[in-house]
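Have the model open alongside as you read.

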Amino acid sequence: QVQLVESGGGLVQAGGSLRLSCAASGIIFGINYMAWYRQAPGKQRELVAIISTGGSTNYADSVKGRFTISRDNAKNTVFLQMNSLKPEDAGVYYCKAERGGLPPVTYWGQGTQVTVSS
């Protein structure tokens, strides 16, 4: 089992910044990648950013150039630095980890709320 605990959400004005953290614990061997998703009220959960164990990253078009995903392997923690926040960035941000296998196993955190005031 893998436990994911997000932190760092809060209320920020448009144009501001937040840094989210996702701390992983438990049996983390075999985790292929970790990612951040977000879900706004009434909308589907969407991928924001993803980082592989090798450090490769990918971003949703809507956050490219503003958000940066990174990881500290020694602390089993993934971060999401969010700059130039917009009201449309608001929502609950979830951390996800996937362990390879047949089938792969997915783990989710409990989410952290991000609110952006205009």
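Arg38 sits opposite Glu46 of strand 5, a pair in this predicted model. Strands here are DSSP runs of E, at least two residues long, and helices are runs of H or I, at least four residues long, all numbered from the N terminus. Two strands count as paired if DSSP finds at least two bridges between them.

Elsewhere, four strands line up as an open antiparallel sheet in the order 1-3-8-7. Strands 1 and 7 are the edges, each pairing on one side only. From one strand to the next the twist averages 15 degrees, with axes fitted as lines to C-alpha atoms and angles running from 0 to 180 degrees between N-to-C directions. Within the sheet, Ala23 has Thr77 of strand 8 as its bridge partner.

| Pair | Bridges |
|---|---|
| Strand 3 and strand 8 | six bridges |

Now for the inside. The largest nonpolar core holds 28 residues, and Leu4, Met34, Trp36, Leu80, Met82 and Tyr93 have the most contacts inside it. Such a core is a set of buried Ala, Val, Leu, Ile, Met, Phe, Trp, Tyr and Cys residues joined through side-chain atoms within 4.5 Å; buried means under 20% relative accessible area with a 1.4 Å probe, protein chains only. Strand 3 is the top contributor, with four residues. Leaving aside neighbours within four places in sequence, Leu4 is in contact (heavy atoms within 4.5 Å) with residues including Cys22, Met34, Cys95 and Trp108.

Overall, the chain has eleven strands and zero helices. Its C-alpha trace spans about 45 × 25 × 25 Å along the principal axes, and 41% of the 118 residues count as buried.

On the bookkeeping, residues are numbered from 1 along each chain as its sequence is written, and side-chain values use heavy atoms, with hydrogens and water left out. Local features need pLDDT of at least 70 and side-chain atom pairs count only at pLDDT 80 or more, while totals for chains, interfaces and linings use all residues.

Note on methods. Buried means under 20% relative accessible area, exposed over 50%, partly exposed in between (1.4 Å probe, protein chains only).
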